[in-house]
Amino acid sequence: MNDIITAAQQQGRELLNEVEAKTLMHEAGVPVVRTVLADSSEQAKEIAGELGYPVALKVVSEDITHKSDAGGVMLDIADSDAVAVAYEAILSNSLAAVPGAEIEGVAVQNMAPAGTEVIVGMTTDPQFGPVVMFGLGGVMVEVMKDVTFRVLPLTKRDVRQMVADIKGRVILDGVRGAPPADVEAIQDALLKVADFVSANPQVRELDLNPILVNENGAVAVDARIVIAKSEATT
């Protein structure tokens, strides 16, 4: 059993924080942006210096679901002074938006290369068990709902078909002179998420949204994982 999942269950938690979720995805072989949790502005500055600028800062709190809406996300931060200002602003904004929120800290992460936003997700169906999802990501998943699903286990043929099945498939081919997206990187991420879920039946929900994909690969910018509260998996 994975140590991060075990520790969260022992603490009675169902929702892993973003840093934990990204760590698990990194260990599973899914490309993610480097992300480290800071609990002070000074520590955030140190981490940003180690990661390299520009960086992004995000609030980490189970009580804040929509981080951007709460003013809990700052992007393209270029230097240490701006990191300190952004850190304090994130805390102030988040507590103003959600009074009494328990804040674990602020995640410091590299800015990801530009790309098309897609989503890879997983949910647990009462009848079929773990089901993996793929579609256009970011706000598009809420607006267009252009997604496709497959029941585990997944094969290479399954993931090829998943990518081909979405209505927005043409976007991945490149539009208005944009280069085509690295579809094989998406397929690889789908297979690795499927393998991770199969190996960790405690996982009940998973969202990588967005994954930014361009001609050179794909990288997950945000990650969310929900686990069973106890060690029981049924």
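Biologist: Which residue follows H1, and what is its phi?
Modeller: Glycine 12 comes after H1, with a positive phi, near 75 degrees. Bear in mind that this is a predicted model: local features need pLDDT of at least 70, side-chain atom pairs count only at pLDDT 80 or more, and totals for chains, interfaces and linings use all residues. Residues are numbered from 1 along each chain as its sequence is written, and side-chain values use heavy atoms, with hydrogens and water left out.

Biologist: What happens at the start of H1?
Modeller: A side-chain oxygen of asparagine 2 comes to within 2.8 Å of the backbone nitrogen of isoleucine 4. A polar contact needs N or O atoms within 3.5 Å, a donor paired with an acceptor and, for residues adjacent in sequence, side-chain atoms on both sides.

Biologist: Why do the buried residues of H1 line one face of the helix?
Modeller: The buried ones (under 20% relative accessible area, with a 1.4 Å probe and protein chains only; exposed is over 50%, partly exposed in between) are Ile5, Thr6, Ala8 and Gln9. Down the axis of H1 they fall within an arc of 165 degrees, so they share one face; the arc uses directions from the helix axis to the C-beta atoms. Exposed Asp3 and Gln10 sit on the face turned away.

Biologist: What do the buried residues of H1 pack against?
Modeller: Helix H2 (18–27), strand S8 (203–214) and strand S10 (223–227), where contact means heavy atoms within 4.5 Å.

Biologist: What makes something a cavity and something else a pocket?
Modeller: On a 1 Å grid over the protein atoms alone, a 1.4 Å probe fits in a cavity but cannot get out, whereas a pocket is an open set with protein on both sides within 12 Å along at least five of seven lines; lining residues have an atom within 4 Å of a point. The search finds one cavity of 30 Å³ or more, and the largest pocket holds about 1,200 Å³.

Biologist: How many of the residues lining the largest cavity are nonpolar?
Modeller: Eight, with no polar and no charged ones. The lining is Val30, Pro31, Ala185, Ala189, Ile211, Ala218, Val219 and Ala220. S9 gives the most, three residues.

Biologist: Which residues lie nearest the centre of the largest pocket?
Modeller: Thr65, Lys67, Asn209, Pro210 and Asp222, out of 37 lining residues.

Definitions and conventions:
Grid points are joined across faces, edges and corners, and a volume is the space filled by probe spheres set on the points. Helices (H or I, at least four residues) and strands (E, at least two) are DSSP runs, numbered from the N terminus. Ala, Val, Leu, Ile, Met, Phe, Trp, Tyr, Cys and Pro count as nonpolar, Asp, Glu, Lys and Arg as charged, and the others, Gly among them, as polar.
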